[in-house]
Amino acid sequence: MKLERLLIRAAAALVPPSRRQEWLEEWESELAALDRARAAGARDVPGQLSFAVGALPHAVWTRTEGWTLDGLLQDVKYSVRVLGLSPGFTLVAALTLALGIGANASIFSLVNGLLLRSPAAIHAPERLIQIARSYETDPRWDNWSWPALGLIRDQAEAFTGVAGYTAQSFTLGTGADTERVLGEEVTGDYFEVLGVRPLVGRLLHPTDDVEPGAHRVTVLSHALWTRLYGGDPSVVGQTIPIGSAPYEIVGVAPEGFAGVEAIGTPPALWVPAMQNPGFHGDLPFAQWGWSWIQAFGRMKDGVTFDEALASMDVVTARLRDADPVNEQILIRLTQGVGLDPEGRREARTLAGILALVVGVVLLLTCTNVANLCLARAAGRRTEIGVRRALGAGRRRLIQQLMAESLVLAGFASLIAVPVVLSADRFLPMLFPYTLSVPVGADGRVLLFLAAVGIVAGLLFGAAPAWTAARSDVLGALKEGGTTGGRTRTRLRDVLVASQLALSVALVASAALLGRSLMNATSANPGFDPTGLAIGVLDIESTRRYDDETSLDLLDRVVRAVEQVPGVRHATVANSTPIVGGHARATMQPLGREDVELETEYNIVGPGYFETLGIPILRGRTLAGIHDEPVRVVAVNESLAKLFWPGEDPIGQQLAGNPPWTVVGVVGDVQMRSLRSPAQPGVYFPAEHASASMVLHARGQGGRTPDGEAIRAAVAGADPGIPLRISDLRQGVAASMGETRTIGYLVGAFALLALVLAAVGLYGLVSFGASERTREMGIRIALGARPQSLRRLILGRGLGIALLGIGAGVVFSLGLGHAIQGLLFDVAPHDPWALALASVVLLGTASVAAWMPARRAGRVDATVSLRD
Amino acid sequence: MPRSLGITSLQILAAVRAGDAYGLDIVTRTGLPSGTVYPTLGRLKRSGLVRSRWEDQRAADREGRPRRKYYELTGDGVKALEAGAGRVAGLAESLGLRVEGAR
């Protein structure tokens, strides 16, 4: 059947039965007319599906047409009174529900902030386009070189402007009073393209970005301005020392403006890119092969995304003509800013997993409350019987009971509101990245919360309403009658079994994530992270060193740190695997124009491989800072195999001017993350220090060296270098942040699920046992032994448990598959995780069922028969 | 007489007055979404401004399609539409706009 027909059938279920036939006939007829009109080529008629969607509001209207406010108000009043009569039940049920509702709304709040809400202070962000570099044979999402950015800006006809930015850390202040902040180097038109207006003073202009090193001006973020200057508008025109040089503060960005990236520490200040102070002088602004700046543009009015994309063909051709480096270059675009396509995919996956987990929690809490309601309904059988005997119709009763559920859900939603309103405080702690966008609740989140509340109310309200409506009047009114509860008990069995199933799935998922974390910490990324201390040596911020003297300083630092007690090896390098980024450059075996590859590279000091624990497979290690006068490199195994398959890599050369000679082959290292495989890579000796080198120190016997002692040693070489020491092992562990976060979250929810399921099972079995007390008495009087009675009760509980666990295992497979992206070296259907979850659940269920069973074994025949 | 009608209701009443109106007709004439048109028709019917009738099965059979439910204005409906149109025209006039064919 066509989708629109299905939709109408589904909507018809809402229409009161007396009018359903006619209602359906009218819609079928209208749809037929629409089909004919479309077949005849009519153009002004709506699409079938969008037309059929209208059946839903129509059906709702038809259903609610007869409802009067009086009846509804009466139901609500009565519900509040009834709920108030059993405050214990109401509170427990509402708190349980609030947990499920609050968790769902909080996660939605995160999705809202990350993916749905427009970034602050940026004008028409949907007109902004991220522009990235890629290659025909090597698809990627990458930065641009300065000349390429300029060419794109000049040639992109579809854009009003194209701007660039790159994150950079800056040292503020002088002497002992320094601090490191993250900021951005941006092109002069950055703020204009974004359409941001200054809060105080002015923002940067294209004239601030013309000549390398000639523009010492900066714009402060609102946060930095408030923190350093207490929000004093007279700062405009004052100077602030950045990296020991005075910069003029020209203005302050508006509050909330956090650049264009949704993830990462919000920039504290902006400086013109041309002001890029560094060792490299003008080089970054001249070289086509040096890509360091991220680009975005704003589409001209009236230009569509497809037109913008098409207009890039010309630009691509110009880029390819401009420099041989760009031979296979491609331009990729994506609409909007905040996250790049990969980031969006990851955020969606993560949000999807979180939504799945909290969705399961909501189901669980609904099941639990439905169960509570059913247990309570048993006590209200007489009340309901009386009302039916007095003439209340089934419909009226269902309406009343549903109203009660909705009032309860409304109460729970109210409890959840303050939790969700404080989401901006606890969500960033749960999320494994620093968020630069606010994720607090807004109107949309509260609307979502209300919707979840209503859905929850309908979900858990359905069960008690259904059973109550089916109960028979006579049975209910017979005092002490126990027969009326047959359907109710069966329904409770199903509910408890599904609770157990959900618990199994959560416990199994928690086990999978736990195993992933264990695997990750014991994985071999190609180096040994245990016992390694690292710290960034920000030589540049002292402004006292040039190329040559900074090498001397690094030499002195390494020697000094090696003397620290407890340190076995020390070295410096441009980047650190997993935690410290990775640099890439295009490499070519000498004389082979046909082979070219962008590889990872690292600039390393003496003893780097020994310090990191990277095996040297062939040849030799790279020597001390001043000890490699000829141009030599070490390559990793992957690169050697790729460039010189079947040949001895030692003595081979890489293209360069003059060429580089390979003197060593080392083991592969995973530079990016534990989950991405090692890439081909080249190691250059630290002949040219980069702006900031990372100090690496390996302790003796697997112990991380003392950070204070290392700091003291570095201060001995130069007391002015800011340095923060951290443990690489912790950094590597932190790189599994998503898995850890979700792992803790799922673990906590799994525990909660277990408790809820155990309480549910206990309640069910006890209830069943108490209803059979008289039967037990008779059995005992007839000679049954306590063990057999125990077995009777226990067996029933375990039967339900096994049913739930069986269903849960199937469900776990689905959930495991959904979180596959977070798993590390463990299959989503890992039998151990499933077994563990089953055993834990069986154990919990046995305890929960055994307690009432034990009581059953102690039934006193005379007492139970007399009562 | 109900309280003064909204623009949507007036649009629908006007589309019904154009004659031989069934739901899709009214959706096409007014350009309103079906989810607005049908409930509004229901409301107008309850207030006695429109009435509906099913067409003769034989007429539908002749054209080989399911029979349609047609809507038409009641006397009250005609009055309400005229009063509403007058109100709209008055409003437009007070804003200095010219409305063609409103009366």
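## Getting to know Pro659(A) and its surroundings

Setting aside residues within four places of it in sequence, Pro659(A) has contacts with Leu590(A), Gln653(A) and Leu654(A). Please keep in mind that this is a predicted model.

**Around Pro659(A)**

- Pro659(A) sits in the loop that links strand 18 (653–654) with strand 19 (660–666) of chain A.
- Is Pro659(A) buried or partly exposed? Pro659(A) counts as partly exposed because it has 15 C-beta neighbours inside 10 Å, while a buried residue would need 20 or more.
- Arg631(A) is 28 residues from Pro659(A) in sequence, and their C-alpha atoms are 7.1 Å apart in space.

**Nonpolar cores**

- The largest nonpolar core has 172 residues, and those touching the most other members are Leu500(A), Val504(A), Leu506(A), Val507(A) and Leu761(A).
- Helix 12 (residues 341–379) of chain A gives the most to this core, with 17 residues.
- Beyond its neighbours within four places in sequence, Leu761(A) is in contact with residues including Val496(A), Gly797(A), Ile800(A) and Ala845(A).
- Another core, of 59 residues, lies apart from the largest one, and among its members are Val567(A), Phe609(A), Val663(A) and Leu695(A).

**Where chain B meets chain A**

- Here, 17 residues of chain B are in contact with 20 residues of chain A.
- On the chain B side, helix 2 (23–30) and helix 3 (34–46) are the elements that give two or more residues.
- Helix 3 of chain B provides the largest share of that side, six residues.
- The chain B residues on this side comprise eight nonpolar, five polar and four charged ones.

Technical notes
Residues numbered from 1 in each chain as written. Chains lettered and ligands numbered in written order. Predicted model: local features only at pLDDT ≥ 70, side-chain atom pairs only at ≥ 80, totals over all residues. Contact = placed C-beta atoms within 7 Å. Helix = DSSP H or I, 4+ residues; strand = E, 2+ residues; numbered from the N terminus. Nonpolar A, V, L, I, M, F, W, Y, C, P; charged D, E, K, R; others polar. Core = buried A, V, L, I, M, F, W, Y, C linked by C-beta atoms within 7 Å. Buried ≥ 20, exposed ≤ 12 C-beta atoms within 10 Å, placed from the backbone.
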